[in-house]
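Please have a look at the sequence and the model first.

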Amino acid sequence: MPENEEPYRKHGDPRKYDPSFKGPIHNRGCTDIICCILFIIAVLGYIAVGILAWSQGDPRKVIYPTDSRGQFCGQAGTPLENKRLLFYFNIMKCASPMVLLSFQCPTTQMCVEKCPDRFMTLAKAYYKDFEYYKNFCKEGVTNTMSIPEILSARLCPAMLTPSKPFTRRCFPALGSIGGVITVGNSTTFDDGRGNVRNAKDLVDGVTNATVVMEARQVVMKIFEDYTQSWYWILIGLVIAMVLSLLFIILMRFLGGIMVWIIIVAVIVVIGYGIFHCYMEYAHLKGEPGANVTLKELGFQTDFTVYLHVRQTWLAFMIILAIVEVIIILLLIFLRKRILIAIALIKEASRAIAHVMSSLFYPLFTFILLAIVIAYWAVTAVFLSTSNEPIYKVVNESVCEHSGLTCDPANYSTSDMKKQCPDSGCLFAFYGGETVYHKYLIGLQFYNVFLFFWCANFVTALGQMTLAGAFASYYWAFNKPDDVPTLPVFASLGRSLRYHTGTLAFGSLILSIIQIIRVLLEYLDHKLKGAQNKFAKFLLCCLKCCFWCLEKFVKFLNRNAYIMVAIYGKNFCTSARDAFFLLMRNVIRVAVVDKVTDFLLFLGKLLIVGLVGVFAFFFFSGRVKAFENTAPHLHYYWVPILTLVIGSYLIAHGFFSVYAMCVDTLFLCFCEDLERNDGSAERPYYMSSTLHEILWKVKAEDPSVSPAQRVQVEDSPMKKTQEKDNA
């Protein structure tokens, strides 16, 4: 037809009729071999980096507190196994700004079994209770040594203050009487050197020491929350898995009804969220401190503090209201398209029913992704802890060697000690000067890049495998008799045997874009305090452009993998063919494919909402029936957030099978229209349901000529359909 020749030339030529084509081509060759070799070399290098990191790293540096000798407090199998707590000889030294620079207090630190529970000085304890005092002294202290000799050798602290363990460290147990800071029920204390000090002098030391450990403290609390709630989290994830599977099974038999149930349920769940936020907002009215703004509150490590602020619930309510309005408006404007999308979902349900093993393939993808994530996380921890202990000279008076590297083994006899008698050689941080340590940042970057590449490769493998299986179903003329046995395993074998290079090529492009986005986010974080508005504007534009580019590449890769699964061509050729095919059917892409994705997204949103609401009421203790059952946690949002993210990933895994099935059927559907005309010589492979979708979309497609509409209306399949309906 002349009126359509120009658009076809612009977006490539349509597929020609081929009587020998029966679905995914089995006689195919390897594609993108160079990228396959490059990927294998990169993975082997990744394994080598992991082995090197595991041989050099020591994750105990993250878990255990470290004393002045770099030894780990509480480490099993060592003399310090029972000494789990870290004790500071002089906590007031932690008030120095040096703490925030070197992350180490300039005072002797040692591992102890218990924190001191009484106030005493060395001078008083020397004659009365020296045996107790020696629990907080270094080895080698004897009763024959004099007090000045002990203090000059830094063998014992000058005083002990009542302390309590906090993040496995002993901090002074400060009290308050009439608003005045006290220690040991006294507002003053003897520092052991004949000086009377005010109790509030200890506050700065405790504060700075706490700032240094604040991040670790939050991490440890979160870890403790996981140890207390892990089995409840697993139960919640199982519930999410059962809900996802139940939804998919019901969609197989009640496709249209389930879609409308999902739509109504999402609106109801979000509406309840708006109502709950309003009730919390109204409940906090008049409460002391509830009217503080989030800006005034600043960053708090205890996130439950934000839940006692009215502005937090107001923000939640506004966000949910905006989401609710957007969803309702989309449903109003897409009400006709939803009927078409429901028909496509029903067809996808039939395909999945004949390829049931596809429902369990996301578990295989999940296992592979878990291995990739675990390998990346373990390697990152070992790389970050593979430094060697560095010791620095720390002194109280002026010393020219202050801050220099030293060796604690022979420091007492070194020239530094002779020139600075009151100095000490203390553990400062972990570092190193070897070639390995110099390139440690590069190895960390390599670890991150290979993580993105491998994760995208696993995702791409799943997409191509499912595409090949569903394409085998579509191009089977007599369904399900002509559907090959074990289509998922056959497609997986073809993908790994012939198209590893293609998968690596597509995932490499996507990984490079994602790494650039990470670098842009890092630059944005570094330039937050910058005053150059042009630089901020340029960075914002770059972030937006690369976000759009990532979305486009993901869309193009997905359709390219479908074409590779069918025809077995290389990545570039398949991406071009898929793009041109979609451009020749751009109206159908807009009204069918994307609306279906929106409905499936609502299904995922419903499952996440149901699990999230249940988790909130369970872990927050809002329901009295669960008060004795729910674990007591530092942050109850930790398991809630974990369940929300985990349930979304599980729902996404199951619904991604539907999404991949819809995309594959849609591309095959478009090719079927180009290859065949519905006549007895060139019959359509599509079902009568999909053909009905064709009529509805064709009627709204302005690019279709009246002659084509007549051809569709007079097709043999329509006549058969009308006869069946009659």
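Cys111 is buried in this predicted model, because its relative accessibility of 3% is under the 20% cut-off. Its disulfide partner is Cys73, with an S to S distance of 1.9 Å. In total, the count comes to three disulfides.

**Cys73 and Cys111**
- The torsion about this S-S bond is about -75°, so the disulfide is left-handed.
- The pair links distant parts of the chain, 38 residues apart: Cys73 sits in the loop between helix 3 and strand 1, and Cys111 in strand 2.
- Cys73 is buried too, with a relative accessible area of 0%.

**Cys115 and Cys170**
- A disulfide with an S to S distance of 2.0 Å joins Cys115 to Cys170.
- Cys115 is in the loop between strand 2 and strand 3 and Cys170 is in strand 6, so the bond ties together parts 55 residues apart in sequence.
- This link is left-handed, with -85° about the S-S bond.
- Cys115 counts as buried at 11% relative accessibility, and Cys170 does at 4%.

**Cys137 and Cys156**
- Cys137 and Cys156 are joined by a disulfide, S to S 2.0 Å.
- Here the torsion is about 120°, so the disulfide is right-handed.
- Cys137 lies in the loop between helix 6 and helix 7, and Cys156 in the loop between helix 7 and strand 4, 19 residues apart in sequence.
- Both are buried: Cys137 at 6% relative accessibility and Cys156 at 4%.

**Other cysteines**
- Cys454 is buried, with a relative accessible area of 11%.
- Cys572 is in no disulfide, and the nearest cysteine sulfur, that of Cys35, is 9.9 Å away.
- Cys572 is partly exposed, at 47% relative accessible area.

Conventions:
Residues numbered from 1 in each chain as written. Predicted model: local features only at pLDDT ≥ 70, side-chain atom pairs only at ≥ 80, totals over all residues. Heavy atoms only, no water. Disulfide = S-S within 2.5 Å. Helix = DSSP H or I, 4+ residues; strand = E, 2+ residues; numbered from the N terminus. Buried < 20%, exposed > 50% of the residue type's maximum accessible area, 1.4 Å probe, protein only.
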